[in-house]
Amino acid sequence: MHPAPSIILFTILSGFGFGVIAWVGFLQYFSLISSLEVIAFSILGGFLAVIGLISSTFHLANKINAIKSFSQWRSSWLSREAVASIVSLLLVFINLIIVYFGKNTVPLIGIIASLFSIVTVFTTSMIYAQLRSVPSWNTLLTPFIFILAALVGAAILLRPDYALYGLAVLLVIQFLFWLYRDQTEKNMKTNISTALGFTEESSIRSFDKAHTNQNYLLNEMVYKIGRKHSRRLRYLSVLFSIFIPVSIMLLVRFDTYVVGAIVSVIHLLGMYFSRWLFFAEARHAVSFYYDRS
Amino acid sequence: MTNLPKCENKKLGLLIDLDICVGCHACVVSCKEWNSSGDTKQLSDINAHQKEPIGTFLNHVHSFEKENKENNESEPFYFPKSCLHCEDAPCVTVCPTGASYKRPEDGIVLVNEEDCMGCGLCAWACPYGARELDLLSGVMKKCTLCVDRIDNHDLPEEDRVPACVKSCPTGARSFGDFNDPNSKVSKIAKEREGVDLMPEMKTKPVNKYLLPRIKSNFDKEFNEEENSDLNVSGFLSWVDKALDKL
Ligand code: SF4
Ligand code: SF4
Ligand code: SF4
């Protein structure tokens, strides 16, 4: 699949933002952070989530109808995501006002906002996980890794002591995801024979594609570069998203948020590689109609 | 609403015969022509007469070759592909705006361009690559089964079929109701074992394909005929033998 920067940025930034919101509500509920911190981090989380959502509209070819995407929540994960993100942001805003006016005694809204933000990340991941046409996404590992990445990323900033364990789990899940991807790719039920309706596997190749030049289908769904650099990018991704953050955490003491912020940025850079691969390596069923091998 | 309706009355679709398609692209051209004129918005082309043209099509013809295991020769065949109007259409349920829908009365899958926001998710959800985002108008395009022909009572009866069906010079595409066991398409599909594309995707396509039959072993038969004794008698038989001796 084509790794559009607007979509990668959207999934990473809004994931991180909603992760921050999730942590704030939780820590606030157990009185583990001050009101000032609640306010500051709610604004940061909300801001990043909004930036992510705005960047996701960049790839809409007909933005004028974006408002209609709130209507089909009964069937569409993309619509559910739109609704869930607005609800979470509203809850964060209400919580912010309550805390600002010194009523931190009822942190219930905060924890509801926190739950809703996790739901939002879940709906984002289901947009991809629901697609049978892209078998390597069509697994529960997809929502799992999206939610985990959001929570762990935000923990680096807010609770580095938890983040250390989180990063270890993320490393395992990330490798599981790649393993799953490689396996599904190898044992795909779909191949050029099923694509053309043959019941037994036959040796078939395309000797002329249906159009002389690129088209929307090829640009969007038949992306080849991802597989070529896969190994190297996988290493780079875990280096930045996991090993460098862990090393810094073990060497430096986190007594200010500045260190946390710097490490979060390094982590997100690594996550960018990981998300890029998530798209670029995923094989869409339509690619079989262009199979020349 | 993007929930899928039960289509119990009619299931309109195409029956495509890969055995007789000659890959002439007449259906591609007539589809583009019909859907770029009249009421519908243009199916846009960018750089149409320059380097690297890119355009929107609702129907494509791919070319494949299949190995004949008996003589190791390759047999070419042509494969036209447009929307299969799936019963369990994943492209419809993913649509966030409600622009994509399946008509309850006959199962045709359509896009209401007034509502589409051009997110492209439906094109991702379709395993067959049957949807293309129009790069100029910014909305999703797909085969409409030519609703503006088949429903159009201003056209004479014989023209109320899809443009691609009408234009195919070999009759490789037929249009009809697959829900009616007595329709022509249902009968032929049954008799010649029409197949689904990518049944593992569980989309339950309405369109059916008739696979290319194994070609007769032309070379072998030809050689055998050449080398067999001629079935002649009398004077010709004497000539045949005399020539063999030379
Ligand atoms: S062929 Fe593709 S676009 Fe057409 S109904 Fe099936 S899934 Fe949807
Ligand atoms: S591109 Fe249009 S029709 Fe397709 S899912 Fe998006 S809004 Fe719906
Ligand atoms: S039915 Fe109409 S829109 Fe569909 S492929 Fe044929 S000509 Fe094109």
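So, how many residues of chain A are in contact with chain B, and how many of chain B with chain A? On the chain A side there are 58, and they touch 63 residues of chain B. Before I go on, keep in mind that this is a predicted model.

Let's stay with that interface for a moment. Putting chain A and chain B together buries about 4,900 Å², and 61% of that is on carbon and sulfur atoms. If you look at the chain A side, R132(A), Y216(A) and Y289(A) are the residues that lose the most area to chain B. Together those three make up 15% of what that side buries.

What about charges across the interface? Between chain A and chain B we count two salt bridges. One of them is D115(B) with K68(A), where the closest N and O atoms sit 2.9 Å apart.

Over all chains the count comes to 20 salt bridges. Here's one inside chain B: E113(B) pairs with K141(B), with 3.1 Å between the closest N and O atoms. E113(B) is in the loop between β7 (109-111) and α3 (121-125) of chain B, while K141(B) is in strand β9 (residues 140-142), so this pair ties together parts that are 28 residues apart in sequence.

Okay, on to a sheet in chain B. It's an open one with three strands, running in the order β10-β1-β11, and the pairing is mixed. β10 (173-177) and β11 (208-210) of chain B are the edge strands, each pairing on one side only. On average, neighbouring strands here are turned by 25° against each other, ignoring direction.

And what packs on this sheet? That's helix α6 (residues 184-191) of chain B, which touches β1, β10 and β11 of chain B. The direction of α6(B) makes about 115° with that of β10(B).

If you zoom in on β1 (residues 12-17) of chain B, you'll see it pair with β11(B) in the parallel sense, over three bridges. For a landmark, find D17(B): the residue opposite is L210(B), in β11(B).

Last stop, ligand 3. Which residues are closest to ligand 3? They are C31(B), C143(B), C146(B), P162(B) and C164(B), out of 13 residues that surround the ligand. By class, that shell has eight nonpolar, four polar and one charged residues. Two helices of chain B, α1 (26-35) and α5 (163-167), each supply at least two residues of the shell.

How values were computed: Residues are numbered from 1 along each chain as its sequence is written. Chains are lettered from A and ligands numbered from 1 in the order in which they are written. This is a predicted model: local features need pLDDT of at least 70, side-chain atom pairs count only at pLDDT 80 or more; totals for chains, interfaces and linings use all residues. Side-chain values use heavy atoms; hydrogens and water are left out. Two strands pair if DSSP finds at least two bridges between them. Helices (H or I, at least four residues) and strands (E, at least two) are DSSP runs, numbered from the N terminus. Axes are lines fitted to C-alpha atoms, for helices over the stretch in contact, and angles run from 0 to 180 degrees between N-to-C directions. Contact means heavy atoms within 4.5 Å. A residue is near a molecule or strand if one of its heavy atoms lies within 4 Å of it. Ala, Val, Leu, Ile, Met, Phe, Trp, Tyr, Cys and Pro count as nonpolar, Asp, Glu, Lys and Arg as charged, and the others, Gly among them, as polar. Buried area is the accessible area (1.4 Å probe) that two parts lose on being put together, summed over both. A salt bridge is a side-chain nitrogen of Lys or Arg within 4 Å of a carboxyl oxygen of Asp or Glu.
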